[in-house]
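Hi,

Here is the structure I said I would pass on.

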Amino acid sequence: MGNSTAATGAPASAAAPATGVASGTAGTKKARQAPKGASSTGSRASGSGHAERVFLVQTAFAELGGSAHGPGEIAEFTGLDDSVVYRILQSGIYQRIFERVERGLYRLRTSAAQLAFTALDHRLDGATSQTVLRELRMATDGGLAFLYMVAPFSGAQRQCVDMAVGDSDLAELGMTPRDVLSVTRSLRTGASGRTILAYLPEVLQQRVLAEPVPDQAGPGVYRDNEALVASLAEVRDLGHALGYEECMAGWNSCAAPIMWDGSIMGAVLLLQLKSVMPVAPYSVIEATKEAAAELSRYGAARPSADQA
């Protein structure tokens, strides 16, 4: 069937994905759209600080999507003056934050990604995730527990980074390497894929919606984009997704989001044979959501007093 159902309570830190933003051309001086976080009156309480303006320009690259942008388009999004944006970009080139790809167009350098990797370092280790996944497996009578994270080098995709499957042989269960590397990589298939997709910015959602459905997807996969988008709103409302034979025939699933500092980082997935779990019971939904919440807490944890 491919629909998601049941329990309440989206993560407190979860926010709906960004809505579309208008892009402008260089030199545009008309009234500009206020970026996210701007006040309703159009003025910015902290916009006078240079650091604040630099952060706004950096954020614009992430929110606008695409590979490169001009100063006018960034100014339109941030509400800053074109000349201010241009000076920040020029300084950022010297500081190795931005790079000019062609005349009038700029993009973030890979050093921005290095900053992100540094920020994520030590957030979660393998021992912690294994403990959480094993507890989920026990709480769901031997369900197969997986940890999916947003793939850092392949655009809007996911990657399985850990699992707790006991003595199960995934090949004997009908899961081939192709399933793991193709079907389950797509964010438009499966409960964990749709869970991650539900919290991504709209520019990334649109990229995923433009992708074809993987050939090996299960009979319950969402093939209609309108239905898929509606399911994402439901995921955000409920704080979880239920999948019915989306990735593979004969397997149903439940997934919940892992949020770090208000951003989607991945999802916990609980997989059961359709014959064992024709519909996910409340206990499975709650156990899956608690596992995701536990990993979210680890990711957002601050240093203890003796580490500070």
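Helix α9 takes up residues 225–238 (helices are DSSP runs of H or I with at least four residues, strands are runs of E with at least two, and both are numbered from the N terminus). With 14 residues, α9 reaches 20 Å from its first C-alpha to its last, close to the 20 Å expected at 1.5 Å a residue (the expected span is 1.5 Å times one less than the number of residues). This is a predicted model, so local features need pLDDT of at least 70 and side-chain atom pairs count only at pLDDT 80 or more, while totals for chains, interfaces and linings use all residues. Residues are numbered from 1 along each chain as its sequence is written, and side-chain values use heavy atoms, with hydrogens and water left out.

Back to α9: L228, S231, L232, V235 and L238 are buried there (buried means under 20% relative accessible area, exposed over 50%, partly exposed in between, with a 1.4 Å probe and protein chains only). They cover an arc of only 140° around the axis, which puts them on the same side of α9 (the arc is taken from the directions from the helix axis to the C-beta atoms). The face turned away from that buried side carries E226 and D237, which are exposed. At the start of α9, a side-chain oxygen of D224 comes to within 3.2 Å of the backbone nitrogen of E226. That is a polar contact, meaning a pair of N or O atoms within 3.5 Å; within protein, one must be able to donate a hydrogen and the other to accept it, and residues adjacent in sequence count only if both atoms are side-chain atoms. Just after the helix, G239 takes a positive phi of about 80°.

Helix α3 (residues 82–94) can be read in the same terms. Its 13 residues reach 19 Å from first C-alpha to last, close to the 18 Å expected at 1.5 Å a residue. Here D82, V84, V85, I88, L89 and G92 are buried. They cover an arc of only 160° around the axis, which puts them on the same side of α3. R87 and Y94, on the other side of α3, are exposed.

Now the strands. β7 (residues 263–273) is mostly covered, with nine of its 11 residues buried. β3 (residues 144–150) runs antiparallel to β7, and six bridges join them (two strands pair if DSSP finds at least two bridges between them). Along that pairing, M149 stands opposite G266, and the bridge partner of F146 in β7 is L269. β3 is mostly covered too: six of its seven residues are buried. Another six bridges join β3 to β4 (residues 158–164), again antiparallel, and there F146 stands opposite M163.

β7 also pairs with β6 (residues 251–260), in the antiparallel sense over 10 bridges. P257 stands opposite A267 in that pairing. The hairpin of β6 and β7 has two residues between the strands, and D261 takes a positive phi near 55° in it.

What does the side chain of N252 reach at 3.2 Å? The answer is the backbone nitrogen of E245. A polar atom of the N252 side chain also lies 2.9 Å from the backbone oxygen of M277. N252 is found in β6 and is buried, with a relative accessible area of 2%. Its C-alpha is separated by 7.6 Å from that of L242, 10 residues apart along the chain. L242 has its place in strand β5 (residues 241–244) and, at 0% relative accessibility, counts as buried.

Last, the aromatics. The structure holds two aromatic pairs (rings of Phe, Tyr and Trp, the latter by its six-membered ring, pair if their centres lie within 6.5 Å; planes under 30 degrees apart count as stacked, over 60 as edge-to-face and the rest as tilted). The rings of F146 and Y148 have their centres 6.5 Å apart and their planes at 35°, so this pair is tilted. Both F146 and Y148 are buried. R158 lies over the face of Y148, at 5.0 Å from the ring centre (a charge sits over a ring if NZ of Lys or CZ of Arg is within 6 Å of the ring centre and within 35 degrees of the ring normal).

Cheers
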